[in-house]
Amino acid sequence: MQRRLIQARIVNPLLGTDALPLPDYATSGSAAMDLRACLAEPHTLLPGERVPVPTGLALNMMDPGLVAIVASRSGLSLKHGIRVAQGIGVIDADYHGEIKVLLANDGVQAYTIQPGERIAQLMFQPVVQVALHPVDTFDTGSERGTGGFGSTGRH
């Protein structure tokens, strides 16, 4: 698979060292690259607390047809209750500032984020922008209609 080049700017000198390498894919089949905590010292995240964690990285995607999505790491979420606080983070193509991961601790114990620890995943996706066209009724129907929140059943 050919990789598309995205400009990456190091905004913290801790990033790009042996202790804190640039984000990359863990395996050839990985869909997302790991983002690491760009911290000089450990930071303890208390239960119920949310904190923006710097990554030391800024991007220039140079394409409004791309978006970078910040997602939780499943192991951190399952084992410790640490997740991306807003569900997913959206890094728009025109944002050139440092990527910070808003982490939340849903667990019952404090969790200490270590410098260089993998804290989230970064995935690039295509963007489709639409224009909303207000109507009184839709041109087509659907089997579901307006049913939501479990209207199709459990099994």
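**Entry 1: alanine 71 and its partner**

I looked up the bridge partner of alanine 71 and found glutamine 121, which belongs to strand 10. I note here that I am reading a predicted model.

I then checked how strand 5 and strand 10 run against each other. Strand 10 covers residues 118-126, and its pairing with strand 5 is antiparallel, with six bridges.

**Entry 2: another pairing of strand 5**

I looked up strand 7, residues 89-92, and found that strand 5 pairs with strand 7 too, in the antiparallel sense over four bridges.

**Entry 3: burial of strand 5**

Why do I call strand 5 largely enclosed by the rest of the structure? I went through residues 66-71 and found five of the six buried, so the strand is largely enclosed. For this step I took buried as under 20% relative accessible area.

**Entry 4: the largest pocket**

I looked up the volume of the largest pocket and wrote down about 670 Å³. Its lining has 22 residues, and Arg3, Arg4, Tyr25, Met33 and Phe124 are the closest to the pocket centre. I also listed the elements that give two or more residues to this lining: strand 4, residues 50-60, and strand 10.

Which strand gives the most to the lining? I found that strand 10 does, with three residues. Last, I sorted the lining residues by kind and got 15 nonpolar, four polar and three charged.

**Entry 5: strand 10 again**

Technical notes: Residues are numbered from 1 along each chain as its sequence is written. This is a predicted model: local features need pLDDT of at least 70, side-chain atom pairs count only at pLDDT 80 or more; totals for chains, interfaces and linings use all residues. Side-chain values use heavy atoms; hydrogens and water are left out. Buried means under 20% relative accessible area, exposed over 50%, partly exposed in between (1.4 Å probe, protein chains only). Two strands pair if DSSP finds at least two bridges between them. On a 1 Å grid over the protein atoms alone, a cavity is a set of points where a 1.4 Å probe fits but cannot get out, and a pocket is an open set with protein on both sides within 12 Å along at least five of seven lines; lining residues have an atom within 4 Å of a point. Grid points are joined across faces, edges and corners, and a volume is the space filled by probe spheres set on the points. Ala, Val, Leu, Ile, Met, Phe, Trp, Tyr, Cys and Pro count as nonpolar, Asp, Glu, Lys and Arg as charged, and the others, Gly among them, as polar.
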